Amino acid sequence: MIKRFIYFISCFAILIFWSSCRNDFVFSPSNGNLEFAKDTVYLDTVFSNIGSSTYNLKVYNRSDDDIVIPIIQLENGVNSFYRMNVDGTTGLEGAQEGKFFENVELLANDSLFIFIETTIDFATLPSLENQFLYTDKILFDSGSDQQDVDLVTLVKDAVFIYPNRDEDTGIIETLTFDVDGDGTPDDTTLQGRFLEDDELTFTNEKPYVIYGYAGVDEGETLVMEPGTRVHFHANSGIIVTNNATLQINGELSDDLDELEKEVILEGDRLETLYTDIPGQWGTIWLFDGSANNTINYATIKNATIGVLSEFNDDAPNDKLTITNSQIYNSSAFGILGRATSIRAENVVINNSGQSSFAGTLGGKYNFTHCTIANYWNSSFRQFPALLINDFAIDDNNITFTNTTEANFINCIIYGNDNPEFLLEDQGDDFSFKFTNCLLRLNPNLFNTGNYDIDDMTLYDNNIFNENPDFIDPFENLMRIGEDSGANGNALSLVPIGSDLLATPRNSTAPDIGAYESVPFED
């Protein structure tokens, strides 16, 4: 008891002493001597009517006096598209909320944070172009003591495609189509709507922003012209239904940095922070019954599954033909095939949370001069870069198998794990062959099960475990150097053709993979 009393008296004495050392927080008006962490806050690029990320500005009082800032406000006042939060407060209520703050206190040698966001309606801006540089200022104090920090945002106009919302119930429209193949439309829980006839050609005039799933209805074809830009909101994508077709018609670009003729599909967050974040949107879903889908010169990035192709492995034509394209940063699979048929050439797939390419439940897969790599380092991944199997197990633990035919010619299959390809079969018709490929395979697996590398009917003239010498696979820079194990070791094909960048392949000793090798600068 005595100890508790002594402790109480000690604490009380400390508080009294500390208080006596203060000047009771006497605040003086600021005199224009605030310092700022930056003189301009750039809020990157946003689409019309889509909110930005939150940015911050740190404001310093370097003096030995406690000060009060009489006014912090936006120069454009209540008409500004910016909004602020000053150290956790939103300022005055009503129209000035987030725009105007009075008597903001700041202790000596202390700092405060201002958080800034924006949502801009492009239609209200004085511009006839498809983008506009919107600016404002944060003003501190007034008169001769006034200081300011610039705010800058690039806002882009876009074509928005989104499902309808019932005004009374708030329920968002969902897709209705024949899911089970019985010829009768089925209700689904997939939010989205089917594209109208006048929406079935995407051009390069404006970017497209898709909320939910944009459906391509039976018998229709969605065409994406060279230079098209498509941005998907979270949990959004494209679904191509029975007897419908997707044609992505990109072309080789003149500027390999701008990719002005390539078709690019990615998320709708344009801030630099989101440039390489996986899983920002859903997938390009080639549903059961869709046919003759083609993808040429496209970059598909930051999806959950880049392309999901399902069934129709017995169709007369390949369900998907993909050429001269790149798929990066998929949180699950770059391409996932289920009992389907895919033909690929000059395709690069890298950095996937599971497999970069998975052909499951059988199917027909023919890949030539492709780079199937996986240098995922964001989390543990369960599967290698390449997965091929011929079965699926249902909820009742019943196994279904299907015919499998998989051929890989002049392909790099590599990554930061070992092995980087897995071949699983439970059926009686599982055929595969690797020809002139650079493969990563743990030597302990040599000549076991499906890895009998001496069987030339399965493995013909391949190279194992030699460095592919990518520029930087963790940054998706997948060109190879002259020291690559792939250099000069591909099978010469007729016609010999060109690589992903239209570089003619060496007619006698072409390189394995999607790229011809280049000398690296020191």
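Author: A residue is called buried when its relative accessible area is under 20%, exposed when that area is over 50%, and partly exposed in between. The structure discussed here is a predicted model.

Reader: Why is Arg62 called partly exposed?

Author: Arg62 has a relative accessible area of 47%.

Reader: What makes the contact of Glu35 with Arg62 a salt bridge?

Author: A salt bridge requires a side-chain nitrogen of Lys or Arg within 4 Å of a carboxyl oxygen of Asp or Glu. The closest N and O atoms of Glu35 and Arg62 are 3.1 Å apart, so the pair meets the definition. The pair links distant parts of the chain, with Glu35 in strand S2 (residues 35-36) and Arg62 in the loop between strand S4 (55-61) and strand S5 (67-74), 27 residues apart. Glu35 counts as partly exposed at 37% relative accessibility.

Reader: Why do Glu117 and Arg83 tie together parts that are apart in sequence?

Author: Glu117 forms a salt bridge with Arg83, and their closest N and O atoms are 3.2 Å apart. Because Glu117 belongs to strand S8 (residues 110-118) and Arg83 to strand S6 (residues 82-86), the pair joins parts that are 34 residues apart in sequence. Glu117, with a relative accessible area of 25%, is partly exposed; Arg83, at 31% relative accessibility, is partly exposed.

Reader: How do you know whether Glu271 counts as buried or exposed?

Author: The relative accessibility of Glu271 is 2%. Buried means under 20%, so Glu271 counts as buried. Glu271 is the salt-bridge partner of Arg269, the closest N and O atoms being 3.0 Å apart. Arg269 has a relative accessibility of 24% and therefore counts as partly exposed.

Reader: How many salt bridges does the structure hold, and which residues are linked in a network of them?

Author: The structure holds 12 salt bridges. Lys137, Asp148 and Asp150 are linked in a network. In general, side chains of opposite charge can pair when their charged atoms come close.

Reader: What makes the nonpolar surface patch?

Author: The patch, of about 250 Å², is made by Ile471, Leu477 and Phe520. A patch residue must have over 30% relative accessible area and no salt bridge. Phe520 has a relative accessible area of 34%, which means that it passes the accessibility cut-off. Phe520 lies in the segment after strand S41 (477-480).

Reader: What makes up the lining of the largest pocket?

Author: The largest pocket is lined by 48 residues, of which Arg229, Asp257, Glu258, Leu259 and Ile264 lie nearest its centre. The elements giving two or more residues to this lining are strand S3 (40-47), strand S18 (229-232), strand S21 (263-267), strand S24 (298-301), strand S26 (320-330) and S41. S26 supplies the largest share, four residues. By class, the lining residues divide into 16 nonpolar, 17 polar and 15 charged. The pocket holds about 1,300 Å³ of space.

Reader: How many helices and strands does the protein have, and what share of the residues is buried?

Author: The protein has one helix and 41 strands. Of its 522 residues, 48% are buried. The C-alpha trace spans about 90 × 60 × 55 Å along its principal axes.

Conventions
Residues are numbered from 1 along each chain as its sequence is written. This is a predicted model: local features need pLDDT of at least 70, side-chain atom pairs count only at pLDDT 80 or more; totals for chains, interfaces and linings use all residues. Side-chain values use heavy atoms; hydrogens and water are left out. Patches are made of residues with over 30% relative accessible area and no salt bridge: like charges are joined within 9 Å, nonpolar side chains (Val, Leu, Ile, Met, Phe, Trp, Tyr) within 5 Å. Accessible areas come from the Shrake-Rupley method with a 1.4 Å probe; for residues, only the protein chains shown count as cover. Buried means under 20% relative accessible area, exposed over 50%, partly exposed in between (1.4 Å probe, protein chains only). On a 1 Å grid over the protein atoms alone, a cavity is a set of points where a 1.4 Å probe fits but cannot get out, and a pocket is an open set with protein on both sides within 12 Å along at least five of seven lines; lining residues have an atom within 4 Å of a point. Grid points are joined across faces, edges and corners, and a volume is the space filled by probe spheres set on the points. Ala, Val, Leu, Ile, Met, Phe, Trp, Tyr, Cys and Pro count as nonpolar, Asp, Glu, Lys and Arg as charged, and the others, Gly among them, as polar.
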